[in-house]
Amino acid sequence: MKDSENKLSGSMHSFKRMLSFGILMVIAMTLFAQVKNVSGVVLDKKGESIIGASVLVKGTTNGTITDFDGNFVLRNVADNAILQISFVGYQTSDVSVKGQNNIKVVLSEDTETLDEVVVIGYGSVKKSTLTGAVAKMDSKAIEDRPLARAENALQGQLAGVTVRNTTGEPGADMQIRVRGAASVNANSDPLYVVDGVPMNTLSGLNPSDIASIEVLKDAASAAIYGSRGSNGVVLVSTKQGKSGKAKVAFNASFGVQTLEKKMDVLNATEWMEFKLRWNDANYLQEAKKLGLTSASIKDDNATRLSNLGIQAGTANSYLVVFDERWFNYLGDDMRNAHTYTPNPEQLSLLDWQDEFFRNSIVQDYSLNVSGGTENTSYLFSGGYMNQAGIVTGTGYERFSFRANIESKINKYLTIGMNMAPTYIVQDGSGQANGKDSQVHQALYATPVSEPGVGYMTNVDPNPYYLWAGSTSSPVYNMEKNIKQNRMMRLVGNAFVRITPFKDFRVELSASANYYDLDGNDYKYTSTTGSWAQGEGQNSSGGHNTERKWSTLLQALANYDHVFGNHGISVIAGFSSEQSNLGFSTAQSFNKPFPNDAITGSFDGSKVTAGTNTVTEKTANKLLSVFGRLQYNYAERYMLSGSLRYDGGSVFGANNKWGIFPAVSGGWLVSNEKFFKNWRMSWWNTLKLRASYGVTGNNSISNTAAYPTLSAGNYAGAPGYKANSLGNADLGWEKTHSTDVALDLGFFNNRIQLSLDWYTKNTTDLLYQVPVEGASGFTTVWDNLGDIHNEGFEIELNTHNLTGKFSWSTSFNMSYNKNEVKALGKDNTPVYSGFDKNNPSNILTVGKPVNTFYMYDAIGVWKNQAEIDAYSAAHGGKPVTFEGKQIVPGDIRYKDVKTRSHTDNFGENNVKCLIAKGICRFVPHSSAGGF
C-alpha cells in the first residue's frame, strides 16, 4: 500500500514539474513573439529626410534618433507599443507598431513654432515677417531662476543688450544699455513698457509673472515710441489666463549667495611689517630735517621721541614709534633690526572682509491660478521674495500680487483689466555702496586691534587702536544703524476693445502708475568714535517720503487684412500722458538727543533740525500721435514704415514738438522658388533685413528748459532767488540709426544664426554747457555735439537634443564702439568726474564718450638716486607732483609730455586718455530632463 502511495506521489511530482516547464515555455514563446525590431524612416511633407528626429517607445527609455537619411532602428519593441516621434519645428506624432516591422512617418510642421509671434510697439508680428532688430526671451528662459529683479533675466542672454549691477545691493536698480550709450547728460536707460504701460523701472514686477520680454534695438522698431526710444525699448508681457479648467501653479526656490572674490589687501602680519617700515622711514626723514645724522631704526621708542622732541601718547608719536607687540608676529630680520622690550600680550588679528561679508539666503515663492471660459479668462498670482544681502545689515523683501482679467461681452465688445500691487522693504540701502561707504571702510580698516576688542574697534565701549586710523567698526555700523525704505507700487490699466467689422478693431485704454515711498534712518552715537560723550549725544535721524503717480490715456485703431498673397497691417493711435505728479518730503534731525530709545519720532523744537523741506514735483506731459503701415507679399517681401509726432513739456517754447520717422524692409529668400529649387535640405532659412529710423530722448530734468527760483533770504527778509537759467530753444536729442542684418537657419532650423551690423548717430546732444560766470551760474542746458555708435552682433541658437530630454545652447557676441564727433561750435573739451578740480573723465572730439582722463601709474620712485637722475635729465628742476616734493615710495606716473617741457612733473598735462571698445562673448546652455 505504501509503495503504491509512493509511486502515485512520485508521478504527481513529475506531472507538476512537466506542467510548470510547459507553462514557462509557453510564456517565453509568447513574450518572444511579442517583442520585435522596428525600423523605419521619418520624412517631412515634401518627402525630405528629417535628420536627428527623436524616436522613443512611449512610456520607456528605449529610444534613438534618425540618421542622415532619416532612417532608424529600434530593438526589443513590444508589438502593442506606441512610438513617439518628435523634432523641433514639427508636431509630435504617435504611431502604433502593432502588426508592423517597418514604418514610414511623415511629420507636419508646427506652425506655432515656425510662426512664433514677436511683440513690437502697439502690436505683434510673426517672427518670419519681422523686419526690425528685436530680441525676445520667453518665460522658459526665466523659470526656475530666483530673480530679485526682472532685468536680471536679460544678463548675457541677448546680443547688444548689456545689463550690469551698479551697486550690488539686493533689489537695486540695474543698468541696461542697448547698443551702447547714445547720450551724455541725458538718461541712457531704455524705456520700459509693461502690458502697454510705460515705466521708468521694473522694480515692482515679479519675474514669475512674465510671459515674454522683447527688446526693440533698432530705430525702425523703437521709433513708434518717438521721443523716448533712442535708448531702446524693453517690452514686457505678463502671463494671461486661457480657457479651460482652473490651473494652479506653485514655484519655490531656495539658494545661497556668496562673495565671488575678496579684495587682495594686507593681512594683519603684512600690515604690521608695512607700518613698522613706514614709521622707520618717517622717523629718519623727520630726524634728517632736524640735522640728526646719528638717527637709526635701531633706536628704541624712547630715543625716537627724545630725538624729535615729541611727547609720548600724542597723535604724532604714533607716526614714529612702534608697538612692541608687533614683534610677536614678525620675522627674525625685523626683530634683530630693532631695539624693543618683549611684550607677550597678543593683539586681535582681523580679516574685515570675512566679517563684513556673509553667505546670504535667497528664497522665492510664487503661486498663480489661471483659467477661463469661452468668453472670459483670468489669472491671479501672488509672490514673495526675500533676499538677504551679502553685506550684513542689508536685505530686500518683496510681496507682489497680480490680477489679469479679460472678458468678451459679445462679438463686437471685449473688456479687460490688469492690476498689480507690490510692496517692497529694503534695508541698508545706500549704506554699503560707494566712496567712503561702509564697504570702503571695511577694505581699508586696520586689520589689528587691541586684545579682546576684535571687530568692535572705535565703537562703544572701545577706543580705536592707536596705530590705526579713526575708522569705526563698519560691521557694527551696518548691524546697528537703521536705514530702511518701504515702497508701495500699484500699476493698473483697463481697456475696451471694439470690433465693428472683421479685421478692424479699436481699443481705448487708461492706465495709472502709483508709487509711495516711506523711509527712515537713524545713526546711533554708539557706532561713532564719539561714543564716550554718552547715549544720544552724537546721534542723528531722519524721515523722507515720496508720492507720485502717472496716467496714460490712449486710443488705438488697428486694421489687419490678407487678400491673396498680399497682407497689410495699419495702426493709428493717439496718447496723452502725464508723469511725475506728486510731492516729496525730507526731514533730518541732528545731535544731541536725550537718548537712543526712540528712533522714529523727532521734535524739531527740542533737537536741532537739519533739512525740512516739502517739494511739489513738476509734471512731465507728453502728447503724441503715431501710426504704422506694414505690408508683406507672400511672406517673401516685407515693408514697414512708422511715424510719430510728439509734443513734450520738458523742452523750450520754440522746440516742443518733434517728428520721428522709420522705415524697414525684409526679403525672405528661402521662400523663393529658386531657393527651393536648390534642394539644399540642410539650409532652411535665409532672410535679409535693413532698417533706418529716428528716435528721441527726453530724459532730462522737467525744468531744464525753464528759469527756476528757489527760496532764500536777503538782508534778513525771506524771498526767492534765481536758481537756474532757462533755454527757450532747448529741443530733442535725436538718434539716427541704421541696421543691416542676415538671418540663417539650418537643419530644419535646429541651428539659427543672426548677424546684425548697425550705426547710431546721436545729434543735438542734451548737455549742461558751461557759461560765463558773470551770469551768476556755471551751466545751462543746451543742444550741442554729435556722438557716433557702431557695432555688430552675432546670435547663435542650437537645439542639440529634442524630445523628453532636451538640450539647447545659445551664444551671443556683440561689439560696440562710440566716438564723439562734435561738441558745439569750437569743439571745446568738457571735463567731468568725482572732483571738479581734478577731473577724471573727458568729453572730447575723436574719443569715446567720457573717456578716462587720468594719470597712468607705471610704478613707484624706488630711491632718491632715481629721483635725482630724473631731475638732472630735466634741467635740474625739483621733481614735484601736484605741488608736493616727490620722495622714495611715491607713485610714479607716466610723463606724456615732450622732453622740451618746462613745467614741473605731475601737472594736469601729464594725464592721458584711457579707453577701449566693448566686446562681449556670452555662452549659455540649458537642458531639460524626463
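Visitor: By class, how many nonpolar, polar and charged residues does the lining of the second largest pocket have?

Guide: Happy to take you there. Please keep in mind that this is a predicted model. By class, the lining of the second largest pocket has 24 polar residues, 17 nonpolar ones and nine that are charged. In total, 50 residues line this pocket. If you want to find the middle of the second largest pocket, look for Asn187, Met199, Asn200, Thr201 and Lys548, which lie nearest its centre. The space inside the second largest pocket comes to about 1,200 Å³. Rolling a probe the size of a water molecule over the atoms shows where empty space is left.

Now let us step away from the pocket and turn to the aromatic rings. The structure holds 36 aromatic pairs. One of them joins Trp682 and Trp683: the ring centres are 5.8 Å apart and the planes meet at 25°, so this pair is stacked, because the cut-off for stacking is under 30 degrees. Trp682 has a relative accessibility of 40% and therefore counts as partly exposed, whereas Trp683, with a relative accessible area of 19%, is buried. Trp683 also pairs with Phe746; here the centres are 6.0 Å apart and the planes are at 35°, so the pair is tilted. Trp683 belongs to strand β32 (residues 683-697) and Phe746 to strand β35 (residues 733-746), so their pairing ties together parts that are 63 residues apart in sequence. Both Trp683 and Phe746 are buried. These rings belong to one aromatic cluster, formed by Phe674, Phe675, Trp678, Trp682, Trp683 and Phe746.

The charged end of Lys734 sits over the ring of Phe660, 5.5 Å from the ring's centre. In another place, Lys480 has its charged end over the ring of Tyr524, 4.5 Å from the centre of that ring.

Let us end at a loop. Pro342 is found in the loop between α6 (332-336) and β18 (348-349). With 64% relative accessibility, Pro342 counts as exposed, because the cut-off for exposed is over 50%. Between the C-alpha atoms of Pro342 and Thr759 there are 71 Å, and the two residues are 417 residues apart along the chain.

How values were computed. Residues are numbered from 1 along each chain as its sequence is written. This is a predicted model: local features need pLDDT of at least 70, side-chain atom pairs count only at pLDDT 80 or more; totals for chains, interfaces and linings use all residues. Side-chain values use heavy atoms; hydrogens and water are left out. Rings of Phe, Tyr and Trp (its six-membered ring) pair if their centres lie within 6.5 Å; planes under 30 degrees apart count as stacked, over 60 as edge-to-face and the rest as tilted. Buried means under 20% relative accessible area, exposed over 50%, partly exposed in between (1.4 Å probe, protein chains only). Helices (H or I, at least four residues) and strands (E, at least two) are DSSP runs, numbered from the N terminus. A charge sits over a ring if NZ of Lys or CZ of Arg is within 6 Å of the ring centre and within 35 degrees of the ring normal. On a 1 Å grid over the protein atoms alone, a cavity is a set of points where a 1.4 Å probe fits but cannot get out, and a pocket is an open set with protein on both sides within 12 Å along at least five of seven lines; lining residues have an atom within 4 Å of a point. Grid points are joined across faces, edges and corners, and a volume is the space filled by probe spheres set on the points. Ala, Val, Leu, Ile, Met, Phe, Trp, Tyr, Cys and Pro count as nonpolar, Asp, Glu, Lys and Arg as charged, and the others, Gly among them, as polar.
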